[in-house]
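User: Got a model open here. Can you walk me through it, quick questions and quick answers?
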Amino acid sequence: MAMENRFLRLAAEGIRGLSPYVPGKPIDELEREYGIRNSIKLASNENPLGPPQSAIRAITAAQSELSLYPDGGGFHLKQALASKLGIEPGCITLGNGSNDVLVLLAETFLTADSEAVVSQYAFVVYQLAVQAVGATCKVAAVYPAGHAKAYGHDLDAMRALVSEKTRIIFIANPNNPTGTWLASTELEQFIDSVSEDVIIVIDEAYNEYVEEPDYPDAVEWVNRFPNLVVTRTFSKIYGLAGLRVGYSVSHQDIAALLNRVRQPFNVNSLAQVAAIAALDDPDHVASSRTVNANGLRLLAQGMEDLGFTVIPSVGNFLLVDMGRDAAPYYEALLRAGVIVRPVANYGLPHHLRITVGTNDQNKRLMAALTSIVESD
Ligand SMILES: *Cc1c(COP(=O)(O)O)cnc(C)c1O
């Protein structure tokens, strides 16, 4: 049995009940552990095409400035985002990944006696951020199995948990790890129905991948709903997860409060120049979307052919119901050099989350899984 941490009783109350985030296994750790080579990682929803060449060139050019602090205000990146999104730079808050912005929101608006509302199976970082500041997280049940949007956020159930203590509602659209999403009308009506004294955070980390016609662009609503905060990231389709850069778009007054809490140099200089270059590279985004759309179809079909159930996803990953404990499948795939993501920590022990790879990677995954099923 693990010994209790000897400083636990000194830690802040919210920290005592926390379990750390469990990331996808890094490739070299897996290869060391299993003594294998040439493995592939389909575990963290990274872009299998990598970063755009333009971002690599921008980083190379910026090397000579590494001894200088970055621009703490992120002037050029905010300008680039503002002109791309048609908003004022003052509405933007940059973060060390959008994870940083989610934590800033919790630190800014939550206290030990306030509450946040999330959905069951929502991205786990929301709960971690809420608990870390000692606030209470209310978790709304998702639509049940059999429902057209099974596993997806049930906005009525979320609204029912809002009380006078609620300060933040976190909504992932689409959600990770489920891949489920909310359509424009239902989400807009929900925002409209909630008091302006509750901050509504819409996390659009996968927004660029979604092809559904009635998927909303929540940034367009920020001028109408002053309590709305939309978060986005360069970690997913832009292929820059290793650099850590994301942002939120909100009312300027919310951005100004987040800016009080933010570390002065939270986004490093290489991340800033790479993000600017990536924003200006629509071809890389377009080819990433195409590779993903094809891969999603191939994997969904392949999984169904093997008898597994797939939750319809609009992201760059797929949640697959293995029909029984998913851990043996996870282990067998690891031995075959394919890293996927178990999601038992989400209360989904029968599921695996699989990131869409390149065509070759997807085929390798399906071949490995097919032989695992056949030798079962
Ligand atoms: C990956 C992810 C993020 C962002 O991660 P960062 O790398 O910190 O920008 C945010 N929300 C969801 C739902 C994600 O899956």
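Analyst: Below we go through the pocket, the sheets, the helix packing and some backbone details of this predicted model.

User: What classes of residue make up the lining?
Analyst: Twelve are nonpolar, eleven polar and eight charged.

User: And which helices each supply at least two residues of that lining?
Analyst: Helix H5 (98-109) and helix H6 (125-132) do. H5 gives the most, with three residues.

User: Stay with those two. At what angle do H5 and H6 pack?
Analyst: The angle is about 35 degrees, and their axes are 9 Å apart. H5 passes H6 in a right-handed crossing.

User: Which residues meet there?
Analyst: From H5, Asn 99, Leu 102, Val 103 and Ala 106. From H6, Val 125, Tyr 126, Ala 129 and Val 130. By class, this contact has seven nonpolar residues, one polar and no charged.

User: Now sheets. What is the strand order in the sheet of seven?
Analyst: The order is E2-E8-E7-E6-E5-E3-E4. This sheet is open, and its pairing is mixed.

User: In what sense do E5 and E6 pair?
Analyst: Parallel, over five bridges. E5 covers residues 166-172 and E6 covers residues 199-203. Ile 168 stands opposite Ile 199 in E6.

User: Which strands does H5 lie across?
Analyst: H5 lies across E2, E5, E6, strand E7 (228-233) and strand E8 (246-249). It runs at about 155 degrees to E7.

User: And H8, which strands does that one lie across?
Analyst: Helix H8 (residues 184-193) lies across E5, E6 and E7. Its angle to E6 is about 160 degrees.

User: Switching to the backbone. Where is Pro 174, and what kind of peptide bond joins it to Asn 173?
Analyst: Pro 174 is in the loop between E5 and H8. The bond from Asn 173 is cis, with omega about -5 degrees.

User: What about Pro 177?
Analyst: A cis peptide bond joins Asn 176 and Pro 177, with omega about 20 degrees. Pro 177 is also placed in the loop between E5 and H8.

User: Is the phi of Tyr 151 positive or negative?
Analyst: Positive, at about 75 degrees, although Tyr 151 is not a glycine. Tyr 151 is in the loop between E4 and helix H7 (155-160).

User: Last topic, the sheet of four strands. What order and pairing?
Analyst: The order is E9-E10-E13-E12, with antiparallel pairing in an open sheet. Strand E9 (309-311) and strand E12 (341-343) are at the edges, each with a single partner strand, so one side of each lacks a neighbour in the sheet. Neighbouring strands are turned by 35 degrees against each other on average, direction ignored.

User: How many bridges join E12 to E13?
Analyst: Three, and the two strands run antiparallel. Strand E13 is residues 348-355. Arg 341 stands opposite Arg 353 in E13.

User: Which strands does H11 lie across?
Analyst: Helix H11 (residues 282-305) lies across E9, strand E10 (317-321) and E13. H11 runs at about 10 degrees to E10.

Definitions and conventions: Residues are numbered from 1 along each chain as its sequence is written. This is a predicted model: local features need pLDDT of at least 70, side-chain atom pairs count only at pLDDT 80 or more; totals for chains, interfaces and linings use all residues. Side-chain values use heavy atoms; hydrogens and water are left out. Ala, Val, Leu, Ile, Met, Phe, Trp, Tyr, Cys and Pro count as nonpolar, Asp, Glu, Lys and Arg as charged, and the others, Gly among them, as polar. Two strands pair if DSSP finds at least two bridges between them. Contact means heavy atoms within 4.5 Å. Axes are lines fitted to C-alpha atoms, for helices over the stretch in contact, and angles run from 0 to 180 degrees between N-to-C directions. A crossing is left-handed if the near helix is turned anticlockwise from the far one by less than a right angle, and right-handed if clockwise.
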